[in-house]
Amino acid sequence: MTFCSHLDTIDHDVVPDAAPGCEDCLPIGATWVHLRACQACGHIGCCDSSPNRHATAHHRTTAHPIVRSYEPGEEWFHCYPDELTFELQNAPTAPSHA
């Protein structure tokens, strides 16, 4: 069975940053497809389907391993080092953008 070896890095009290979109795209006027929330610090970045892939860039810069979907109705997490997407039983409902 494959599992995430970085679950201890999830801060269940992390509050996503209040930006109304990708924090890195907004200042440069770029667009994004979907948003991801860093589970270590709350940084909101765009997904790998977006032109700038800021969520992955944030991981590479900070080594924060896990993001969570920041899309309405999506509850999944992704661990970059383990290359694993998963859901957690009993996790609090995922916050999302409006």
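**Overall fold and charge pairing**

The secondary structure of the protein comprises 2 helices and 5 strands, here taken from a predicted model. Along the principal axes, the C-alpha atoms fill a box of roughly 40 × 25 × 20 Å.

Of the 98 residues, 40% count as buried. Among contacts with a separation of 6 or more, 49% come from residues 24 or more positions apart. The accessible surface amounts to about 5700 Å², and carbon and sulfur atoms hold 50% of this surface.

Turning to charge, the protein carries 4 positive and 13 negative side chains, with the centres of the two sets 8 Å apart. Side chains of opposite charge can pair when their charged atoms come close. In this model the count comes to 1 salt bridge, in which the side chains of glutamate 75 and arginine 68 meet at 2.8 Å, N to O. The two partners fall into separate accessibility classes: arginine 68 has a relative accessible area of 5% and is therefore buried, while glutamate 75, at 27% relative accessibility, counts as partly exposed. The cut-off that matters here is 20%, because buried means a relative accessible area under that value.

Conventions:
Residues are numbered from 1 along each chain as its sequence is written. This is a predicted model: local features need pLDDT of at least 70, side-chain atom pairs count only at pLDDT 80 or more; totals for chains, interfaces and linings use all residues. Side-chain values use heavy atoms; hydrogens and water are left out. Helices (H or I, at least four residues) and strands (E, at least two) are DSSP runs, numbered from the N terminus. Buried means under 20% relative accessible area, exposed over 50%, partly exposed in between (1.4 Å probe, protein chains only). Contact means heavy atoms within 4.5 Å. Accessible areas come from the Shrake-Rupley method with a 1.4 Å probe; for residues, only the protein chains shown count as cover. Lys and Arg count as positive and Asp and Glu as negative; His and the chain ends are not counted. The place of a charge is taken as NZ of Lys, CZ of Arg, CG of Asp or CD of Glu. A salt bridge is a side-chain nitrogen of Lys or Arg within 4 Å of a carboxyl oxygen of Asp or Glu.
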